[in-house]
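Hi there,

Here is the structure I promised to pass on to you. Have a look at it first, and then read on for what turned up when I went through it.

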Amino acid sequence: MAASFSGLLKSWTPRVFLVRWSRYNPYYLVPEVRKEVLNKDRKEQSDEENKQLELMANSPIKAATSDISSSVFNDPTLSKFINMMMKNGDKALSREIFTQTMECIKKSQVEKYHKAPNEKKESIECNPYAIFHQALENCKPVVGLESIRKGGKNYQVPVPLMDKRRRFLAMKWIIMECRENKHRRTKMCEKLSQELLAAYEKEGKVIKKKNEFHKMAEANRAYAHYRWW
């Protein structure tokens with residue numbers, strides 16, 4: 001009986017593991033959408049890059065997904081921020097709010113530029129996208145707390161954060177701070193522009209929250225050795 005059962009199992013088991021979840025065969029290549037790679041001179045490329053381009057020229061390639069773009073205006077960080085700001089799947093509204101936020105930042109910085117004396121005009125940044133990226137970088141925490149159980153007790157252990165986690169916390173704090181501001185006559189785009197400009201100058205409630213986050217990790221530094229236990 002055991003022998004017959006093992007024989008049935010041998011004939012049935014490969015069918016479980018040979019299921020292909022992709023619509024493409026394994027020999028299909030991933031598309032290359034980076035323009036700096038495609039427009040690079042063939043003489044400046046290495047032998048491996050030339051072989052890869054020749055292989056892509058003579059091999060079937062998968063269709064690019066909807067989130068991949070070769071446009072110079074494509075920015076994964078902006079797309080992530082718009083998606084986190086979205087409510088009830090209304091991405092058009094979220095994108096419109098972000099566009100209005102960039103316009104508010106541009107207007108305020110241009111006014112500041114024209115009012116400033118000539119020797120200070122060079123230090124004023126008028127690009128709203130550069131301000132957004134710098135503000136997001138200023139809001140990113142470096143260390144966080146992780147709950148680790150040791151000897152029947154839970155300890156808050158300070159640990160360094162991954163890049164994705166740092167970006168997520170910075171975006172979450174900025175968005176939540178704007179939503180918690182219940183001033184009725186202030187639009188969401190105006191709140192967001194004020195928070196981003198304050199974070200760009202390393203000021204505001206989000207920067208204060210990041211510093212408090214670091215202070216909590218500093219207060220629990222005595223439990224840092226539990227990280228490797």
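To begin with the contacts: among those in the protein chain with a separation of 6 or more, 67% are between residues 24 or more positions apart. Please keep in mind throughout that this is a predicted model.

**Overall layout**

The protein chain holds nine helices and two strands. Read from the N terminus, the order of its elements is α-α-α-α-α-α-β-β-α-α-α. The chain is more spread out than a compact globule, because its radius of gyration is 26 Å, whereas the globule rule gives 17 Å for 229 residues. Its C-alpha trace spans about 85 × 60 × 40 Å along the principal axes. As for burial, 27% of the 229 residues count as buried.

**The two strands**

Strand E1 covers residues 143-150 and strand E2 covers residues 153-160; the two pair in the antiparallel sense, over eight bridges. Together E1 and E2 make a hairpin, with two residues between them. If you look at the turn, you will find glycine 151 there with a positive phi of about 65 degrees. Lysine 150 has lysine 153 in E2 as its bridge partner. Elsewhere in the pairing, valine 157 in E2 is the residue that stands opposite glutamate 146.

**The largest pocket**

What is the volume of the largest pocket? The value comes out at about 540 Å³. The pocket is lined by 17 residues, and the closest to its centre are Asn74, Asp75, Leu78, Ser79 and Ile82. Two elements give two or more residues to this lining: helix H4 (76-85) and helix H5 (91-115). Sorted by class, the lining of the largest pocket has eight nonpolar residues, five polar ones and four charged ones.

**A cavity**

I also searched the whole structure for cavities, and one of 30 Å³ or more was found. The largest cavity has a volume of about 30 Å³. Its lining is made up of Trp173, Met176, Glu177, Glu180 and Lys209. Helix H7 (residues 163-180) gives the most to this lining, with four residues. By class, the lining of the largest cavity has two nonpolar and three charged residues, and no polar ones.

**A glutamine in H5**

Is glutamine 109 buried or exposed? Its relative accessible area is 7%, and the cut-off for buried is under 20%, so glutamine 109 counts as buried. Which residues is glutamine 109 in contact with, leaving aside its neighbours within four places in sequence? They are Ile124, Glu125, Cys126, Ile131 and Leu197.

That is what I have for you. I hope you enjoy looking through it, and do write back with any questions.

All the best

Technical notes
Residues numbered from 1 in each chain as written. Predicted model: local features only at pLDDT ≥ 70, side-chain atom pairs only at ≥ 80, totals over all residues. Heavy atoms only, no water. Pairing = 2+ DSSP bridges. 1 Å grid on protein atoms, 1.4 Å probe; cavity = no way out; pocket = protein on both sides within 12 Å on 5 of 7 lines; lining within 4 Å. Points joined across faces, edges and corners; volume = space filled by probe spheres on them. Nonpolar A, V, L, I, M, F, W, Y, C, P; charged D, E, K, R; others polar. Buried < 20%, exposed > 50% of the residue type's maximum accessible area, 1.4 Å probe, protein only. Contact = heavy atoms within 4.5 Å. Rg over C-alpha atoms; globule rule 2.2 N^0.38 Å.
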